[in-house]
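The structure comes first, and the notes follow.

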Amino acid sequence: MSAARPPASRQVPVLEDREERRGLIGPLAYVVFILIGSLWMFWFAASLGPAAKAQAEAACRALQPEPRSGPAPEFSLQDLAGQTVSLQDLRGKFVVINFWATWCEPCIREWPQLDRLAERLQDRDDVVVLAISVDQDQSLVAPFLARMGLEQSSVRVLWDPTGKLHNQYGSEKLPDTYFVDAAGQLVHAYINVRDWGRPAAHHCVESMLARQ
């Protein structure tokens with residue numbers, strides 16, 4: 001004798017229950033997939049920060065930077081056209097700040113290199129190169145630049161006759177250069193002359209911009 005089959009009325013609820021469970025597995029798997037993907041993306045983004053910083057530090061190593069941290073001293077100075085420029089106005093940009101004077105022989109050697117760096121960066125709107133003169137007599141600055149053929153330089157020239165700002169940045173030597181990031185934080189200091197016209201210097205700044 002063949003075994004009796006269960007009544008159809010009992011089979012239908014069982015099949016429906018199985019189909020319902022199968023229907024739930026699809027959305028649940030999708031949610032799990034999204035959660036795992038989100039966690040992976042978070043981990044990947046978090047790992048990029050240290051990697052970008054390490055890459056930028058490596059690119060600048062040849063220039064022998066001195067690490068700096070903390071807020072950059074604020075300033076509000078005039079350029080040679082009499083317009084006021086403040087560090088606050090430059091938030092969101094990477095700022096290269098160079099201190100110099102017309103009577104400083106090493107500054108005279110460094111200035112054309114600084115001009116070359118600014119020329120290479122002139123098409124970018126996220127970086128600005130400043131040269132802050134500490135000459136007591138502003139009338140000396142423009143003739144100096146003219147003699148050097150730098151009247152049309154992409155470097156923005158400011159004037160601080162007191163020299164106090166230079167000391168606030170932590171140095172009494174000329175020339176020296178400071179990197180300030182888009183948030184107004186000090187990143188590097190370069191005391192004394194650097195060859196800013198070298199491709200390595202341009203690569204250094206580009207790498208610092210990439211980590212912002």
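A pocket here is an open set of points, on a 1 Å grid over the protein atoms alone, where a 1.4 Å probe fits, with protein on both sides within 12 Å along at least five of seven lines; lining residues have an atom within 4 Å of a point. This is a predicted model, in which local features need pLDDT of at least 70 and side-chain atom pairs count only at pLDDT 80 or more, while totals for chains, interfaces and linings use all residues. Residues are numbered from 1 along each chain as its sequence is written, and side-chain values use heavy atoms, leaving out hydrogens and water.

**The pocket**

The second largest pocket is lined by Asp 79, Leu 80, Ala 81, Ala 142, Leu 145, Leu 150, Glu 151, Ser 153, Val 155, Arg 156 and Val 157. Its space comes to about 170 Å³, a volume being the space filled by probe spheres set on the points, which are joined across faces, edges and corners. Helix 3 (141–147) and strand 6 (156–159) each give at least two residues to this lining. Helices (H or I, at least four residues) and strands (E, at least two) are DSSP runs, numbered from the N terminus.

**The helix pair**

Helix 2 (residues 105–121) packs against helix 5 (residues 199–210) at an angle of about 50°, with axes 10 Å apart. Helix 2 is therefore oblique to helix 5. Axes are lines fitted to C-alpha atoms, for helices over the stretch in contact, and angles run from 0 to 180 degrees between N-to-C directions; oblique covers what is left after under 35 (roughly parallel), over 145 (roughly antiparallel) and 65 to 115 degrees (roughly perpendicular).

The table compares residue classes: Ala, Val, Leu, Ile, Met, Phe, Trp, Tyr, Cys and Pro count as nonpolar, Asp, Glu, Lys and Arg as charged, and the others, Gly among them, as polar.

| Site | Residues by class |
|---|---|
| Lining of the second largest pocket | 7 nonpolar, 1 polar, 3 charged residues |
| Contact of helix 2 with helix 5 | 5 nonpolar, 1 polar, 2 charged residues |

**Backbone details**

Leu 174 and Pro 175 are joined by a cis peptide bond, with omega about -10°. Gln 64 has a positive phi, near 55°.
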